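This briefing goes through a few local features of one protein model, grouped by topic.

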Amino acid sequence: MNTPDAAHQSTEDHRWMRRALAVAEQSLYLSNPNPRVGCVLVRDGRWLAEGHTQEAGGRHAEAQALWAAQQEQQDVQGATAYVTLEPCSHQGRTPPCADALIAAGVRRVVVAMQDPNPRVAGQGIARLRAAGIDVDVGLLAENALAQNPGFCARMTRGTPWLWLKSASSFDGYTALSDGQSQWITGDAARADGHGWRARACMVLTGIGTVQADNPLLDVRAVPTTRQPIRAVLDTQFAISEQAQLFNGNPVWIFTAHADAGKTARLAGRNVRVIMLPPDDSGALDLAALLRWLGDHEINEVHVEAGSRLQGALVAGGHVDEWVAYVAPSIVGAGQGLAALPAPIPALDRAYRFEFLDAVQLGADMRLRLRHAGHWQALRAACGLPSA
């Protein structure tokens with residue numbers, strides 16, 4: 001369980017765990033589908049080395065920190081390791097990090113939160129303790145969870161963490177009545193939006209947006225070594241083979257309409273076509289989509305879509321967060337944020353979120369909202385104490 005004990009009350013422990021969390025941020029655009037983890041090695045109050053999770057197949061945070069210490073000829077015997085997620089105990093793409101810490105001779109390990117991966121789930125902690133290493137668990141666990149909601153959601157509920165991104169006028173319109181939307185918000189807001197694309201495993205849109213805007217949906221405004229998968233919900237497989245999306249980077253098309261010839265032609269352009277069942281309305285089954293994504297190592301889904309798809313995701317209870325950019329403009333009429341499939345019968349039946357923060361970006365504001373029930377369920381599933 002991720003319950004802190006008295007050892008976690010020291011100022012030094014908080015200081016170094018906050019450092020480890022800051023180090024983990026360096027994995028934000030890098031480590032998917034692995035979690036973002038930071039590790040800091042300290043002895044007698046002195047920093048020795050640190051590391052963060054590398055790209056999939058590369059070193060995990062603990063191994064990276066130990067490697068960095070070796071490069072600097074730092075002896076870590078008797079050190080304390082501050083790690084934002086439980087060291088792994090199984091052989092995956094890389095050797096177990098718990099074994100690496102044991103072999104290095106560390107004396108103590110402070111872990112922010114237990115790994116929800118069933119292949120670990122306390123076994124790394126148990127292995128460290130069996131080797132005589134002092135282990136404390138639970139310091140700044142909520143912060144660690146906030147860095148990895150997608151990984152933790154996939155491990156505990158089997159589906160990714162999904163957020164909607166919207167850009168709207170102050171009176172709530174994402175485009176004019178004729179579809180004009182470029183640009184409602186300014187450069188700073190759009191660059192920030194690219195940062196949210198970059199941290200996701202997938203950028204998801206609907207066929208309506210592709211047909212109206214012919215977007216690229218890639219990351220251009222922030223530096224990244226990894227592009228997210230771009231995906232389109234296209235029930236009838238109507239997408240044009242000349243769409244800008246098809247630029248050689250991976251694209252996934254989810255459809256309920258089989259077309260072997262089109263599928264074969266697009267396969268040569270790095271496009272994967274996935275068949276999904278329709279729901280009762282004839283649209284793609286969104287719950288089945290999210291289960292499929294969870295089964296295929298998609299941690300976080302960034303949605304940039306029109307009001308129909310966004311409304312369907314809200315009404316289906318699939319939205320975990322909302323990243324909303326709001327411009328100080330009034331357009332009077334146009335296309336709204338979310339077209340719900342049916343009107344709500346009363347205000348107390350509204351779909352509710354909680355505000356997380358508000359940040360000014362140039363002339364615009366970014367509002368972050370989160371589904372409180374989804375967050376509390378994730379906390380509970382990961383063993384965090386009740387808030």
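Leaving aside its neighbours within four places in sequence, which residues is R366 in contact with? In this predicted model, R366 is in contact with D192, W196, V323, A324, Y325, D357, A358, V359 and L361, once those neighbours are set aside.

**The setting of R366**
- R366 belongs to strand β16, which covers residues 364–370, and R366 counts as buried because its relative accessible area is 10%, under the 20% that sets the limit for that class.
- Among the contacts of R366 is D192, and the side chains of these two residues make a polar contact at 3.1 Å.

**Nonpolar cores**
- The largest nonpolar core consists of 58 residues, and those with the most contacts inside it are M17, L41, V76, V109, M113, L145 and L378.
- Not counting residues up to four places away in sequence, L145 touches M113, C152, W375, L378, R379, C382 and L384.
- Another core lies apart from the largest one and has 29 residues, including I229, I298, V319 and W322.

**A nonpolar patch on the surface**
- L340, I344 and Y351 form a nonpolar patch on the surface, and together they have about 240 Å² of accessible area.
- Y351, one of the residues of this patch, sits in the loop between β14 (335–336) and β15 (354–361).
- Y351 has a relative accessibility of 40% and therefore counts as partly exposed, a class that lies between the 20% limit for buried and the 50% limit for exposed.

How values were computed: Residues numbered from 1 in each chain as written. Predicted model: local features only at pLDDT ≥ 70, side-chain atom pairs only at ≥ 80, totals over all residues. Heavy atoms only, no water. Patch = residues over 30% accessible without salt bridge, like charges linked within 9 Å, V, L, I, M, F, W, Y side chains within 5 Å. Areas by Shrake-Rupley, 256 points an atom, 1.4 Å probe, with all protein chains shown as cover. Salt bridge = Lys/Arg side-chain N within 4 Å of Asp/Glu carboxyl O. Helix = DSSP H or I, 4+ residues; strand = E, 2+ residues; numbered from the N terminus. Buried < 20%, exposed > 50% of the residue type's maximum accessible area, 1.4 Å probe, protein only. Core = buried A, V, L, I, M, F, W, Y, C linked by side-chain atoms within 4.5 Å. Contact = heavy atoms within 4.5 Å. Polar contact = N/O pair within 3.5 Å; in protein donor to acceptor, adjacent residues only side chain to side chain.
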